[in-house]
Amino acid sequence: MEKGIIFDLDGVIVFTDRFHYKAWKKLADEYGIYFDEVINNRLRGVSRMDSLEIILERYEGAPLSAQEKEKMAEKKNETYKEYLKEMTPADVTDEVRDTLKELRKRGYKLAIGSSSKNATFILEQVKLTDAFDKISDGNNITKSKPDPEVFVKAAEFLGIPAEDCAVVEDAEAGIDAAKAAGMIACGIGDAAGYDRIDVRLSTFADLLEQFK
Ligand code: B16
Ligand code: MG
């Protein structure tokens with residue numbers, strides 16, 4: 001029976017936190033909104049518009065229309081995309097590349113399950129598109145993590161039932177999404193200490209112990 005492993009992108013495969021931070025910081029400064037790295041941590045795994053709402057908790061200016069908010073998010077994304085252009089294959093470790101290759105060799109089907117609308121662009125930049133069988137990202141969902149939609153879609157794209165899929169996540173919102181989808185939740189990085197995880201990964205290569 002085929003099994004699937006679904007990987008979150010930011011914080012698991014690549015680390016774009018600093019780019020998100022710099023791009024949001026630039027926007028926040030323009031609007032005189034206080035923003036720091038602690039607030040930035042709350043944006044992990046959260047969609048672009050939901051991230052903006054978190055930043056706007058500190059906004060004290062005139063009320064903003066939905067259209068203005070869209071513009072703000074677009075502006076942030078333009079800055080963010082400029083930073084993404086700096087990414088190269090060196091931004092993915094050999095450990096990640098080799099582990100993905102080995103999991104595939106063992107017969108697992110691999111997918112990306114990311115909230116990002118830039119997932120395809122990031123994978124192209126780091127030359128990792130071919131490592132995955134399917135990509136489910138911010139472009140094919142209407143509800144972001146902790147809603148399970150992005151992982152449910154990933155499993156559908158792979159053609160594998162949810163109960164035969166595992167998710168690898170660095171964000172609590174992503175672990176909650178994986179549990180809601182009925183999948184095995186593997187926590188790495190920040191999510192490794194979260195009490196809802198099924199599997200704790202100290203390193204990416206630990207996946208090879210878990211998925212024989
Ligand atoms: P974008 P993931 C998430 O990716 C990021 O962790 C989160 O910080 C970001 O706001 C979200 O993607 C949306 O990204 O603005 O590029 O569409 O962790 O789910 O891979
Ligand atoms: Mg993440």
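**A residue, its helix and what lies beyond**

Modeller: Met72 is found in helix α4. Helices here are DSSP runs of H or I with at least four residues, strands are E runs of at least two, and both are numbered from the N terminus. The model is predicted: local features need pLDDT of at least 70, side-chain atom pairs count only at pLDDT 80 or more, and totals for chains, interfaces and linings use all residues. Residues are numbered from 1 along each chain as its sequence is written, chains are lettered from A and ligands numbered from 1 in the order in which they are written, and side-chain values use heavy atoms, leaving out hydrogens and water.

Is Met72 buried or exposed? Its relative accessibility is 1%, so Met72 counts as buried. Buried means under 20% relative accessible area, exposed over 50%, and partly exposed in between, with a 1.4 Å probe and protein chains only. Leaving aside neighbours within four places in sequence, Met72 is in contact with Leu27, Tyr31, Leu52, Leu56 and Leu64. Contact means heavy atoms within 4.5 Å. Gly107 is 35 residues from Met72 in sequence, yet their C-alpha atoms are 44 Å apart in space.

Next, the helix pair. Helix α3 covers residues 48-55 and helix α4 residues 66-84; they pack at an angle of about 105 degrees, with axes 10 Å apart. Axes are lines fitted to C-alpha atoms, for helices over the stretch in contact; angles run from 0 to 180 degrees between N-to-C directions. α3 and α4 are therefore roughly perpendicular to each other. That word covers 65 to 115 degrees; under 35 is roughly parallel, over 145 roughly antiparallel, and the rest oblique.

Which residues meet? From α3 come Arg48, Met49, Leu52 and Glu53; from α4 come Lys69, Glu70, Met72, Ala73 and Asn77. By class, this contact of α3 with α4 has four nonpolar, one polar and four charged residues. Nonpolar means Ala, Val, Leu, Ile, Met, Phe, Trp, Tyr, Cys and Pro; charged means Asp, Glu, Lys and Arg; the others, Gly among them, are polar. An α-helix has 3.6 residues a turn, so residues three or four places apart point the same way.

Ser65 is found in the loop that links α3 to α4. With 32% relative accessibility, Ser65 counts as partly exposed. Between the C-alpha atoms of Ser65 and Asp170 the separation is 33 Å; along the chain they are 105 residues apart.

Now compare two other buried sites. Phe7 lies in strand β1. It counts as buried, at 0% relative accessibility. Phe7 and Val168 are 161 residues apart along the chain, with C-alpha atoms separated by 4.9 Å.

Lys145 lies in the loop between β3 and α7. At 3% relative accessibility, this lysine counts as buried. A cis peptide bond joins Lys145 and Pro146, with omega about 15 degrees. Pro146 is in the loop between β3 and α7. Beyond four places in sequence, the contacts of Lys145 include Asp8, Gly113, Val150, Phe151 and Glu169.

Helix α7 spans residues 149-158, and its buried residues are Glu149, Val150, Phe151, Ala154, Ala155 and Leu158. Their cover includes β1 (4-7), β2 (109-113), β3 (134-136), β4 (165-169) and α8 (172-180). Gly159 follows α7, with a positive phi near 75 degrees.

Lys127 is exposed, at 62% relative accessible area. Its phi is near 55 degrees, a positive value in a residue other than glycine.

Last, the whole. The protein has nine helices and six strands. Its radius of gyration is 17 Å, close to the 17 Å that the globule rule gives for 212 residues, so it is as compact as a globular protein of that length. That radius is taken over C-alpha atoms; the rule is 2.2 Å times the number of residues to the power 0.38. Of the 212 residues, 50% count as buried.
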